[in-house]
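Please look over the sequence and the 3D structure shown here. A short briefing comes after them, grouped by topic.

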Amino acid sequence: MGVWQLVAVGLVMLLGLVGVLVPGVPGQAIVWAAVLWWALTDRTPVAWGVLIGATALLLLNQALRPLLRPRRPRETGAPRKTLMLGGIAGIVGFFVVPVVGGIVGYVGAIYGAERLRLGSGGAARASLRSVMRATGYSVLVELLACLLVTGAWLGAVIRG
């Protein structure tokens, strides 16, 4: 697979990660489709292993979805910008500090944005709890699953 095709697969995955944060966009399906594209083009045992692992993880995530609360972003009281900032910080944090950084980045960015908006730590913590109850856990689990798939793909590509 050529460099430009790998870049295109990476951009599709990035689009899928952002799609997880936007209601109505099938982010998981986009990430899975990018892995499928790569595996069908690369045809190595590692590529097929990543595809099988991605399929299993994303299916498990779909099975767990009914156990989590549905997304209700309007109930949080936080602006949509705060939720997007949390998602973007989660994506960046995942690659800065693998796996744990995604959770810390997501929660930390929402807390920081609410602290700036509301002006006090107590109000920011209350808003963070409200956000996590209304949308956070659902988004965080889906985002983490897609980030794990993206990380596995990136690791396989770097490994060669």
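This is a predicted model: local features need pLDDT of at least 70, side-chain atom pairs count only at pLDDT 80 or more; totals for chains, interfaces and linings use all residues.

Residues are numbered from 1 along each chain as its sequence is written, and side-chain values use heavy atoms, with hydrogens and water left out. The protein has 6 helices and 0 strands; helices (H or I, at least four residues) and strands (E, at least two) are DSSP runs, numbered from the N terminus.

**Overall form**

- From the N terminus on, the order of elements is α-α-α-α-α-α.
- The C-alpha trace spans about 55 × 30 × 20 Å along the principal axes of the protein.
- Of the 160 residues, 37% count as buried; buried means under 20% relative accessible area, exposed over 50%, and partly exposed in between (1.4 Å probe, protein chains only).

**Helix 4**

- Helix 4 covers residues 80-96, and its end C-alpha atoms are 24 Å apart, in agreement with the 24 Å that its 17 residues should span at 1.5 Å a residue; the expected span is 1.5 Å times one less than the number of residues.
- The buried residues of helix 4 are Thr82, Leu83, Gly86, Gly87, Gly90, Ile91, Gly93 and Phe94.

**Aromatic pairs**

- There are 2 aromatic pairs in the structure; rings of Phe, Tyr and Trp (its six-membered ring) pair if their centres lie within 6.5 Å, and planes under 30 degrees apart count as stacked, over 60 as edge-to-face and the rest as tilted.
- Trp38 and Trp153 make an edge-to-face pair, 6.5 Å centre to centre with 85° between the planes.
- Trp38 belongs to helix 2 (residues 27-42) and Trp153 to helix 6 (residues 121-159), so this pair ties together parts 115 residues apart in sequence.
- Trp38 and Trp153 are both buried.
- Phe94 and Phe95 have ring centres 5.2 Å apart and planes at 85°, so they also pair edge-to-face.
- Phe94 is buried at 6% relative accessible area, whereas Phe95 is partly exposed at 38%.

**Salt bridges**

- The structure holds 2 salt bridges, each defined as a side-chain nitrogen of Lys or Arg within 4 Å of a carboxyl oxygen of Asp or Glu.
- Glu142 and Arg65 form a salt bridge whose closest N and O atoms are 2.7 Å apart.
- Glu142 lies in helix 6 and Arg65 in the loop between helix 3 (45-64) and helix 4, so the bridge ties together parts 77 residues apart in sequence.
- Glu142 is buried, with a relative accessible area of 6%, while Arg65 is partly exposed, with 38%.
- Glu114 and Arg117 meet in a salt bridge of 2.7 Å, N to O, and both lie in helix 5 (residues 100-118), 3 residues apart, about one turn of the helix.
- Glu114 is buried at 0% relative accessible area, and Arg117 is partly exposed at 41%.

**Surface**

- A nonpolar surface patch is formed by Val3, Trp4, Val7, Leu11, Leu14, Val18, Val22 and Val25, with about 750 Å² of accessible area together.
- Patches are made of residues with over 30% relative accessible area and no salt bridge, with like charges joined within 9 Å and nonpolar side chains (Val, Leu, Ile, Met, Phe, Trp, Tyr) within 5 Å; accessible areas come from the Shrake-Rupley method with a 1.4 Å probe, and for residues only the protein chains shown count as cover.
- Trp4 is found in helix 1 (residues 3-21) and counts as exposed, at 74% relative accessibility.
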